[in-house]
There are 2 protein chains.
Amino acid sequence: MDALLEQLRAGLPAEALITDAEVTASYAHDMASFCDAGAPAVVVLPRTVEEVQHVMRTATALRVPVVPQGARTGLSGAANASDGCIVLSLVKMDRILEISTVDRIAVVEPGVINATLSRAVNEHGLCYPPDPSSWETCTIGGNIGTASGGLCCVKYGVTAEYVLGLEVVLADGRLLNTGRRTAKGVAGYDLTRLIVGSEGSLGIVVKAVLALRPRPPQQLALAAEFPSATAACDAVCRIMERGHTPSLLELMDRTTVRAVNATASMGLPESTEALLLCAFDTPDPAADLAAVGALCREAGATEVVPAESAAESELLLQARRLSLPAMETLKPATMIDDVCVPRSRLGAMIEGTAAIAEKFGLTIGVVAHAGDGNTHPVVCFDHTDADESRRARESFDEIMALGLGLGGTITGEHGVGVLKREWLARELGEVGVELQRGIKAAFDPLGLLNPGKLF
Amino acid sequence: MDALLEQLRAGLPAEALITDAEVTASYAHDMASFCDAGAPAVVVLPRTVEEVQHVMRTATALRVPVVPQGARTGLSGAANASDGCIVLSLVKMDRILEISTVDRIAVVEPGVINATLSRAVNEHGLCYPPDPSSWETCTIGGNIGTASGGLCCVKYGVTAEYVLGLEVVLADGRLLNTGRRTAKGVAGYDLTRLIVGSEGSLGIVVKAVLALRPRPPQQLALAAEFPSATAACDAVCRIMERGHTPSLLELMDRTTVRAVNATASMGLPESTEALLLCAFDTPDPAADLAAVGALCREAGATEVVPAESAAESELLLQARRLSLPAMETLKPATMIDDVCVPRSRLGAMIEGTAAIAEKFGLTIGVVAHAGDGNTHPVVCFDHTDADESRRARESFDEIMALGLGLGGTITGEHGVGVLKREWLARELGEVGVELQRGIKAAFDPLGLLNPGKLF
């Protein structure tokens with residue numbers, strides 16, 4: 001321990017090191033429930049690539065595990081500390097280094113906040129689409145680590161699709177450059193994409209070249225009420241089958257709608273069984289919404305309310321964004337799942353989840369990126385009640401099993417981390433896990449980077 | 001050799017094996033110049049996953065290298081045989097297994113022809129965008145192996161962005177499933193993306209889940225004449241900077257335009273120094289073309305001719321597609337390069353290429369996916385003239401060095417193969433190549449899959 005601090009101090013300014021146990025304990029975990037976290041030996045907050053290299057060289061020399069962190073808004077425990085580790089927080093490396101309107105790229109450090117980047121590129125008439133719910137606080141480095149998604153994905157895709165190139169400090173402190181600044185490039189294996197979503201287990205991202213898009217027109221949304229979640233899912237299938245490209249297509253179930261109303265009196269219809277929100281940022285969004293509204297009615301919608309202005313649309317989106325905080329008020333604790341199924345199976349997924357809730361006697365609200373088939377069942381429970389906690393955990397597992405059975409994945413956008421580690425092999429199979437371990441060994445032969453995560 | 005044939009025969013029908021030396025020789029190489037090719041021991045044409053597994057088990061047991069092939073339309077020698085290898089041609093595995101309009105996916109075998117798939121999904125109102133020039137003959141498996149691009153990439157991206165999941169036979173014959181059928185998914189390292197573009201060096205793709213898009217409206221094109229390639233590149237920058245999203249943005253230089261005229265009397269303007277083709281498949285393409293036409297004039301275009309119909313647009317595209325065949329008539333041999341630079345450096349790339357042509361006393365025509373900064377300088381030479389051949393090869397190398405110097409990549413879409421193997425390390429650096437080798441070893445410890453390619 002003394003040797004560790006001494007060696008770290010040799011290459012870091014004093015203010016980059018935190019050793020006070022109370023403070024380091026506050027860096028122990030991200031926002032996931034049911035995930036073990038250890039006590040870090042030290043928290044380091046480097047400001048330069050060289051400082052990160054120094055940390056990794058020290059860690060390698062002394063065989064100390066390193067847990068990289070962004071804003072710790074993750075939902076899988078991927079940023080949780082292990083006992084005696086170095087927590088390597090990248091939040092101080094927060095410069096936007098370049099924005100190019102001709103090349104449509106931004107070059108950023110990992111600690112840049114998602115919303116800060118979004119606003120900065122907006123001023124140049126550009127857009128960085130990935131918008132996880134935590135976008136006001138989460139970092140680009142964290143987004144890259146977890147390959148995070150958001151509301152925009154149904155039209156614009158996930159973080160992975162916006163990462164063109166990376167500068168990465170390896171476990172032994174060497175610097176790796178991956179990818180490119182160009183629109184296209186196929187020189188060798190795609191190491192960039194391998195590192196995106198690797199949850200800090202292959203290297204420390206210290207710089208990223210991100211693709212940008214022209215800023216789209218402001219989106220216009222509608223809300224449609226359905227007599228059942230099944231009918232709402234049917235509408236989702238019709239919308240996608242007819243070739244529409246909404247910029248947002250979200251579903252809130254009855255539990256979610258009521259929780260949001262109770263929290264913020266947004267005036268959502270209390271009686272609805274499922275609310276579908278759909279938006280377009282096309283040249284003529286009103287026409288697109290009219291077509292989608294008709295499809296919703298065909299699928300059984302009892303009410304279709306198009307927003308008449310961008311401001312009204314924004315209110316609907318706020319209701320959606322409140323879903324998780326609102327459900328957190330229902331019970332002392334929540335576990336948020338993240339199963340993604342083919343959208344044709346969305347109805348079966350939501351019905352199956354309701355059956356699981358009933359089986360375990362639990363409240364499980366579902367909010368979903370419906371256009372992507374990506375559901376977020378939120379298991380609400382009292383963590384001080386041992387039996388309820390057990391049932392919560394069991395229902396969480398059954399939801400994953402249900403998703404796999406429907407041809408889906410255990411995680412659409414939150415990642416594996418600690419939370420779903422035991423489930424990864426069930427999805428990937430033995431051969432897949434063996435190869436993943438082989439890749440890990442090629443990058444990090446001593447196993448120092450974020451041990452105990454993923455597999 | 002006898003043992004090899006005997007063991008192969010034990011698990012393959014007779015018609016799946018070709019041993020006639022004259023016929024196997026015809027499988028020795030793809031369409032790249034200047035690439036060594038050996039003599040295969042045998043060509044196998046399996047029809048099932050089990051047959052592919054049998055081939056790989058046999059290869060592993062006997063330590064025989066395997067070279068996977070599609071239609072051999074590649075341009076980097078990545079499909080070239082090595083002496084005594086098994087050529088594993090996937091062209092007989094050519095079934096489209098599924099098309100889902102709700103999930104917007106297709107599930108295909110690797111031997112499906114790109115154009116066959118495109119037409120099949122079109123009938124369902126869907127679109128599979130990747131469109132390499134060879135799309136009428138090349139296979140999806142080959143497209144995946146080389147991560148190929150095409151004309152549509154400026155709006156719709158490359159093959160890699162459309163591959164959601166893969167079924168892969170590993171070097172030892174085991175089956176690996178990667179990725180997903182869902183719109184999103186982040187369970188573990190992205191092995192799908194790792195295999196796309198790996199040029200058959202990590203495994204044999206036997207099935208692919210591909211993402212589809214709604215079929216866009218037919219595109220409308222314009223042609224703009226410029227007094228210099230620099231002015232045309234300036235127009236490209238203005239178009240992209242103003243936030244336009246053309247479905248095609250191609251540049252043909254003076255050499256290319258004249259070659260096309262000489263081949264097919266397409267009536268292109270002989271006097272032009274550079275021709276820019278731009279198309280939109282938006283709801284109002286005429287309006288978008290008018291805006292782009294104005295930007296072209298600002299950049300110095302002497303003539304802007306918008307097509308008045310889809311048929312006229314198609315004629316312009318045909319002229320573009322004729323570029324390579326037309327340049328092949330200029331000299332007995334050609335080498336096509338594939339350097340991609342940030343689009344802001346496109347002008348410098350094209351000027352630099354002209355200087356290289358002059359320095360070596362060669363004809364080098366340039367056709368470019370201008371919107372992506374992806375140039376195809378075509379070095380025309382007489383391969384029976386030793387000195388001209390040497391100059392051709394040297395100019396080819398200088399073009400790559402120029403591209404790297406401008407912040408670009410040695411290959412935007414054709415891949416590394418044999419042709420650019422010596423250049424890969426210059427782009428990736430030592431650390432990058434070391435990690436790529438580590439990954440290769442994790443997948444193929446005996447080094448049997450497509451040896452001598454990439455690195």
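This is a predicted model: local features need pLDDT of at least 70, side-chain atom pairs count only at pLDDT 80 or more; totals for chains, interfaces and linings use all residues.

**Entry 1: domains 1 and 2 of chain A.**

Next I checked how domains 1 and 2 touch. I get 13 residues of domain 1 of chain A in contact with 17 residues of domain 2 of chain A. About 1,100 Å² is buried between domain 1 of chain A and domain 2 of chain A, and carbon and sulfur atoms give 68% of that area. Which element brings the largest share of the domain 1 side? Helix α3 (residues 49-62) of chain A does, with six residues. By class, the side of domain 1 of chain A that touches domain 2 of chain A splits into seven nonpolar, four polar and two charged residues.

I also looked for specific pairs here. Between domain 1 of chain A and domain 2 of chain A I find zero salt bridges. Polar contacts do turn up: two residue pairs, both at pLDDT 80 or more.

**Entry 2: a sheet in chain B.** I moved over to chain B and found an open sheet of four strands, in the order β1-β2-β4-β3, with mixed pairing.

I zoomed in on β1(B), which is joined to strand β2 (residues 42-44) of chain B by two bridges, the two strands running antiparallel. For B:L17, I noted B:V44 in β2(B) as the bridge partner.

**Entry 3: chain A against chain B.** On to the interface. The contact takes in 73 residues from chain A and 74 residues from chain B. I get about 5,700 Å² buried between chain A and chain B, 60% of it from carbon and sulfur atoms. On the chain A side, A:K184, A:V186 and A:Y189 lose the most area to chain B, together making 17% of what that side buries.

Then I counted pairs across the interface of chain A and chain B: 28 residue pairs are in polar contact, both at pLDDT 80 or more. As for where the chain A side comes from, β9 (175-179), α7 (191-195), α8 (229-241) and α15 (421-443) of chain A each supply at least two residues. The most comes from α15(A), with 13 residues. I sorted the side of chain A that touches chain B by class too: 33 nonpolar, 26 polar and 14 charged residues.

**Entry 4: salt bridges.** I ran the count over all chains and got 50 salt bridges for the structure. How many of them cross the interface of chain A and chain B? The rule finds six.

I wrote down two. A:R174 forms one with B:E434, where the closest N and O atoms are 3.0 Å apart. That pair crosses between chains, from the loop between β8 (163-169) and β9 of chain A, where A:R174 sits, to helix α15 (residues 421-443) of chain B, which holds B:E434. The other joins the side chains of B:D190 and A:R193, at 3.1 Å from N to O.

Conventions. Residues are numbered from 1 along each chain as its sequence is written. Chains are lettered from A and ligands numbered from 1 in the order in which they are written. Side-chain values use heavy atoms; hydrogens and water are left out. Contact means heavy atoms within 4.5 Å. Buried area is the accessible area (1.4 Å probe) that two parts lose on being put together, summed over both. A salt bridge is a side-chain nitrogen of Lys or Arg within 4 Å of a carboxyl oxygen of Asp or Glu. A polar contact is a pair of N or O atoms within 3.5 Å; within protein, one must be able to donate a hydrogen and the other to accept it, and residues adjacent in sequence count only if both atoms are side-chain atoms. Ala, Val, Leu, Ile, Met, Phe, Trp, Tyr, Cys and Pro count as nonpolar, Asp, Glu, Lys and Arg as charged, and the others, Gly among them, as polar. Two strands pair if DSSP finds at least two bridges between them.
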